[in-house]
Amino acid sequence: MSDLLTVNGLSRRFSDGGLFRKRKVFHAVSDVSFTLKQGEILGVVGESGCGKSTLARLVLRLINPSEGQVQFDGVDMASLSRGDMRRLRQRMQLVFQDPYSAIDPRYSVRDALLEPYRVQGVKPKSTDETVASLLDMVGLNSSLAQSYPHQLSGGQKQRVGIARALALNPSLVVLDEPTASLDVSVQAQIVALLERLRQELGLTYLFISHDLGLVRYFCDQILVMYLGRIVEVMPSGAAPAHPYTRALLDSTFEPDPKRRRSITRLAGEIPSGYDLPPGCAFANRCPRVTDLCRQVLPTLTSQASGHQAACHHPLTAVPELAVEQRSVA
Amino acid sequence: MLLDLEMLRIRFGAFSPVDQVTLSVDRGQILGIVGESGSGKSLTATAIMGLLPRIGGQVAAGTIRFDGTDLVGLPEREMRRLRGGRIALITQNPMTSLDSMMRIGPQIDQAARLHLGLSRSAARARSLELMADLRIPDPASVYDLFPHQLSGGMKQRIVIAMALAGDPELLIADEPTTALDVTVQAQIVQILVDLARQRGLGLILITHDMGVVAQACDRVAVMYCGRVVELAEVDALFEHPRHPYTQALIRCIPRHDMARGTMSAIPGIVPSAAAQPPGCRFNPRCARVADRCRVEIPELRVGASGNGVACHVAEAA
C-alpha cells in the first residue's frame, strides 16, 4: 500500500507571557516523523501533555507547525493555497473526544450532518437520503434526524460525530480519544463500528488515545509519545523496548485477578514542557537512568524491523537485563 | 462486619434510582463497586456518608449498619461526628474536597483537630507524617503551598491525606483515579490498597474499570441501573461470572491478546432512571433473556458464602 501521510521533523512550540512576564516557550511537539500507509491504523499513545492532540491538529493543519512538513498523498500541505487546502480537507477529518461539545446544541442531528456539505460548498443529491444513509452507516435509526444533541446518549452523539466526519468520503480520519468519555460497554460498540467502517470504506485511521490496552487491540502500529517526542515506534504485538512504554504497560490494570502484580513503581510525574531537561525527558522517572541519559538526548534507533526506540538503554537489546527488569516490575 | 448495607432503597421524589442494594465490607477488606454511569454507585456512597438530604434524596428503605449502628435515621449531629472521622470519602475530582483559597497543610490538619481534638502543632506534625507516608516529596514545603501549585496526582494524594487525618475505619473512594494519567493512576490505587492492608481500613473502591477491580479488590458488587446484580469474590467473579451483564462487561474490555474485531460489545444503552424497563432492568440488552425476565424483577439472593446473583437465568442454571 502507498503512503497516505508522511510527517517529517514536525515541531510546534507555543510561547507564553511577553508583555509583563518573561517569555516562556512550551515545546508541545518536537521533531516528530512517521509515515502512515493507506488502510493502516496508527495509534498514538501517551499521557496528558505528551503532545498527542497537538500532533493531531498539526497533521490536519488546523494549526501550523513551527518546523517540519506534512505530506498528504504526496502533496506538501504547506505548498497549498487556502482554497486548495480547503478542498483537501474533504479528504481528512477529525472525530473529537467529547461528542457533547463537538456538536452545536442548537443544531438538530440533520443540521449537524449537513454542515460539512455547507462548509465545503458541496451539494448532496438528496438531503433526506444523505442524512438517512449516514445515520444508517453508523447504526442509528433515521428517526433520530430531527433530534437535538441533548436528547441523545453519549454513544449516540459520538456516532453522529463519526457520521459527520464521514459525510464527505474522507481517506484519513483522525480519531482524538473517541471513546474516552464513554462507558466501557459503549466504547466497545464504537470501536466495533470504527473497525467495520474502516473495512467497508477503506479508511485510514490515526487513532489517538491514552489507553495502551485499547491501542494494542485496535492498531497495527503504535507511536508512544512522551513530552512531545516519539520515544518508541512499535508493531502493536511487540514487547516494548523503551522503559516508558514498559511502565505504561505495567500501569494498565489487566482485567484478570490471576495476573495481579504489585502495581507499579514508576515514581514522579511528567515534567513541564516549558523547561525540558537537556537529555532524555524521561530520565528523572526512569529505573534504568545513567549519566548519559541526563546529558545526551537519545534518538530513535532501530530495534527490529518496524520497531524503533529512543533510548540509550533499551529493554530488548540486552535480554538478561530485560528479564531482570520485568521481575523487578 | 464493619459496614453492612441491606436492601437499601434511595428515593428522589417519584424515582428510586437505587433499590435493593445489599453489600458489606469488613476491616482490612477492599470491596469494589463496579458499574457504568447511572448504575447508582455514587448515590450508594452518598447514602453511606449521610449526604443524600443535601442533594434532595432520602433513604426510603433498608439499613446501613456501620460497626453495629444503623446510620439510617441517625441524627445529623452524630452523623457529622462520623463523617470525616470514622468514615471518610475521596471523590473523583480532588478540587471538590480542596479549598483553593487555603494552604494545603491546614486543610489536612482540620480533620485531626476536629475529630481527634489535636492541638494545632500536634495536628501539623500528624499531617506531615501522613504526607510522608503517602510519599509526597518534601512535605514541609508542600504544607505551605496552595492547591493550584500541585499536579493532579499530588492533589489527589493530599485529599487522601485529608481523609486519613481523622483516622477513619471506613474509606470510600469514588472513582479516585479517573481524572488522572495512567501511570499516576497506578500509584494512587497502590497507595489505597496499601492503606487497607497496613492500617486495616475497610475500603470501598467505586469504579467503572474492571481492570482496577481485578487488580485491587477482594470482593466485588456489580451494579446495573441502581441494583446489585452480582456479589462475589474477585477470583470467582472473573473466572465464573454468573450474571449476563457481568459476563458481557468482562468481554468488552480490550486485551492485547485479543485479535482485532473479537471484542464484543453490549448492544443498546443504559436506560435512564425515568425509563426503566419492566422486569429485569438488563433484559433489553441481555443475550440470554427469557420471558420471565421481561415481567419479574429478579432478586439478589445472597448465600451463606456471601455471594449472590440477581438473575432468573443464572439461578436456574
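Reply: Two residues are in contact if their C-beta atoms, placed from the backbone, lie within 7 Å. This is a predicted model, in which local features need pLDDT of at least 70 and side-chain atom pairs count only at pLDDT 80 or more, whereas totals for chains, interfaces and linings use all residues. Residues are numbered from 1 along each chain as its sequence is written, while chains are lettered from A and ligands numbered from 1 in the order in which they are written.

Let us start with the contact between the chains. Chain B contributes 40 residues to this contact and chain A contributes 33 residues. On the side of chain B that touches chain A, the elements giving two or more residues are α7 (182–199), α8 (210–216), α9 (234–239) and α10 (244–251) of chain B. Here helices (H or I, at least four residues) and strands (E, at least two) are DSSP runs, numbered from the N terminus. With eight residues, α7(B) supplies the largest share of the side of chain B that touches chain A. By class, that side of chain B holds 21 nonpolar, 13 polar and six charged residues. Ala, Val, Leu, Ile, Met, Phe, Trp, Tyr, Cys and Pro count as nonpolar, Asp, Glu, Lys and Arg as charged, and the others, Gly among them, as polar.

Next comes the annotated span. UniProt, in an unreviewed entry, lists residues 3–250 of chain B as "domain: ABC transporter"; such annotations may be inferred rather than shown by experiment. Within residues 3–250 of chain B, 39% is helix and 26% is strand, and the end C-alpha atoms lie 27 Å apart.

Two helix pairs involve α3(B). Helix α3 (residues 104–115) of chain B packs against helix α4 (residues 120–133) of chain B at an angle of about 115°, and their axes are 9 Å apart. Axes are lines fitted to C-alpha atoms, for helices over the stretch in contact, and angles run from 0 to 180 degrees between N-to-C directions. The helices α3(B) and α4(B) are therefore roughly perpendicular to each other (under 35 degrees counts as roughly parallel, over 145 as roughly antiparallel, 65 to 115 as roughly perpendicular and the rest as oblique). From α3(B), the residues G105(B), I108(B), D109(B), A112(B) and R113(B) meet A123(B), R124(B), R126(B), S127(B) and L130(B) of α4(B). The contact of α3(B) with α4(B) comprises four nonpolar, two polar and four charged residues.

Eight of the residues in the contact of α3(B) with α6(B) are nonpolar, one is polar and none is charged.

The strands of chain B may now be considered. Four of them form an open sheet in the order β2-β1-β4-β5 (chain B), with antiparallel pairing. At its edges stand β2 (15–25) and β5 (69–70) of chain B, each with a single partner strand, so one side of each is left without a neighbour in the sheet. Two strands pair if DSSP finds at least two bridges between them. Strand β1 (residues 3–12) of chain B is joined to β2(B) by six bridges in the antiparallel sense. Among the facing residues, L5(B) has L23(B) in β2(B) as its bridge partner, and F12(B) stands opposite F15(B) in β2(B). The hairpin of β1(B) and β2(B) has two residues between the strands, and G13(B) there takes a positive phi near 55°. With strand β4 (residues 58–66) of chain B, β1(B) pairs in the antiparallel sense over seven bridges, and L3(B) has F66(B) in β4(B) as its bridge partner.

Another open sheet has eight strands in the order β6-β7-β8-β3-β9-β10-β12-β11 (chain B), with mixed pairing. Its edges are β6 (87–90) and β11 (301–302) of chain B, each with a single partner strand, so one side of each has no neighbour in the sheet. Strand β10 (residues 227–233) of chain B and strand β12 (residues 308–309) of chain B run antiparallel and are joined by two bridges; E230(B) stands opposite V309(B) in β12(B). Finally, helix α1 (residues 41–48) of chain B lies across β3 (30–34), β6, β7 (170–174), β8 (202–207) and β9 (219–224) of chain B, and runs at about 150° to β7(B).
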